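Please examine the sequence and the three-dimensional model shown below. The paragraphs that follow lead from a pocket, through individual helices and residues, to the protein as a whole.

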Amino acid sequence: MFDWVTHAVLSFVSDYGYFAVFVYMALETAFILHFAPSELVVPFAASQLVHDPLSFGVFVLDATVGATVGSVLAYFVLGKNSEYVLGRYGHLVHVTEDDIHRGRQWFQRWGESSVLWGRMVPLMRAVISIPAGIAEMDLRKFVTYSASGAFVFNLLLTFLVYSGSGETSPLGILLGALSGEITETLTYVQVHPRVVVVLGGFAAVALGSLWLSRDYIRQNPAVSQRIILRVLWVGGTLVGSLFLLGAAVTPLQSFRTATNIWDDPLFFTRFGLSPQLALLLTGVAFCAGALVVLELGKRVPVAELARRFRAERLSW
């Protein structure tokens with residue numbers, strides 16, 4: 001939903017350098033740009049601005065000061081004056097009651113130290129300032145904890161980028177693998193647009209059904225668990241049966257059709273197996289996998305976990 005904001009922030013950082021990093025970090029921790037994740041922006045900015053030990057130190061200091069300024073702003077505006085500000089302007093900065101509730105739970109459970117290490121946790125890094133302000137945490141301690149947590153967070157991300165600039169570094173290997181996967185996915189989308197549309201339609205229907213049934217799922221977790229497991233089992237068994245049927249009736253034509261859409265059955269042919277055996281093994285793998293998911297899923301105590309979760313929320 002906010003991808004365009006992230007792209008705009010990255011462009012802003014690319015154009016204005018350290019100043020843009022300072023402004024972004026302040027706005028992110030002030031809960032104004034929290035939907036443009038710093039896990040993406042900071043590494044990108046570091047790759048643009050950090051080239052030697054001096055720029056490394058300047059970048060970390062710049063990002064830390066910006067994050068600390070934004071934290072103090074959120075502490076006063078959204079914390080100490082939360083009732084008025086959030087009631088009137090919460091929709092503009094996209095702060096919901098769930099965000100506040102999550103931060104309060106975190107602060108009540110872990111105390112003032114959560115301001116320190118909460119700065120290193122996604123989704124909690126910005127919101128933790130609000131319950132700290134509501135609880136009127138000592139300002140000097142709040143600034144110290146916020147600056148220390150932001151410093152560690154920025155230091156680690158910047159170090160990963162700085163030390164991983166080479167192709168043989170761990171980060172370089174990871175980025176290379178991700179780039180390969182993205183390229184392969186984009187190629188598949190271009191070659192098989194109809195398949196992607198059909199699969200996307202199935203996914204949209206499944207997600208929409210879960211969303212529309214969310215109240216029923218909350219009230220009947222055990223029944224919902226059985227229904228979802230049955231649907232997964234039937235779907236996996238159906239796909240596996242299609243592979244088995246193709247292997248039995250028209251193995252060569254079915255193999256060509258299947259591998260034109262999905263190349264995983266080719267894995268078995270690398271071991272010298274015939275297309276018919278590859279289809280048979282793929283079908284068996286689908287049927288067996290569906291059965292394993294069904295049996296393992298039955299052993300997950302969803303109803304008990306849901307009951308405990310509701311009890312903990314009430315106790316908080």
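The lining of the largest pocket receives at least two residues from each of α11 (193–212), α12 (214–219) and α13 (221–249). Here helices (H or I, at least four residues) and strands (E, at least two) are DSSP runs, numbered from the N terminus. Helix α13 gives the most to this lining, with nine residues. The volume of the largest pocket is about 940 Å³. Of its 24 lining residues, F202, A206, V231, L232 and G235 are the closest to its centre. A pocket is defined on a 1 Å grid over the protein atoms alone, as an open set of points where a 1.4 Å probe fits, with protein on both sides within 12 Å along at least five of seven lines; lining residues have an atom within 4 Å of a point. The volume is the space filled by probe spheres set on the points, which are joined across faces, edges and corners.

This is a predicted model, in which local features need pLDDT of at least 70 and side-chain atom pairs count only at pLDDT 80 or more, while totals for chains, interfaces and linings use all residues. Residues are numbered from 1 along each chain as its sequence is written, and side-chain values use heavy atoms, with hydrogens and water left out.

Helix α2 (residues 38–49) has 12 residues, which at 1.5 Å a residue should span 16 Å; its end C-alpha atoms are 15 Å apart, in agreement with this. The expected span is 1.5 Å times one less than the number of residues. In α2 the buried residues (under 20% relative accessible area, with exposed over 50% and partly exposed in between; 1.4 Å probe, protein chains only) are S38, V41, V42, A45, A46 and L49. Seen down the axis of α2, these buried residues fall within an arc of 125 degrees, so they line one face of the helix. The arc is that of the directions from the helix axis to the C-beta atoms.

S55 lies in helix α3 (residues 53–80). Its relative accessibility is 10%, and therefore S55 counts as buried. Beyond its neighbours within four places in sequence, S55 is in contact (heavy atoms within 4.5 Å) with Y18, L49 and V50.

L27, by comparison, is found in helix α1 (residues 3–29). Because its relative accessibility is 30%, L27 counts as partly exposed. Leaving aside neighbours within four places in sequence, L27 is in contact with I32 and L33.

Turning to the whole, the protein has 17 helices and zero strands. Buried residues make up 33% of its 316 residues.
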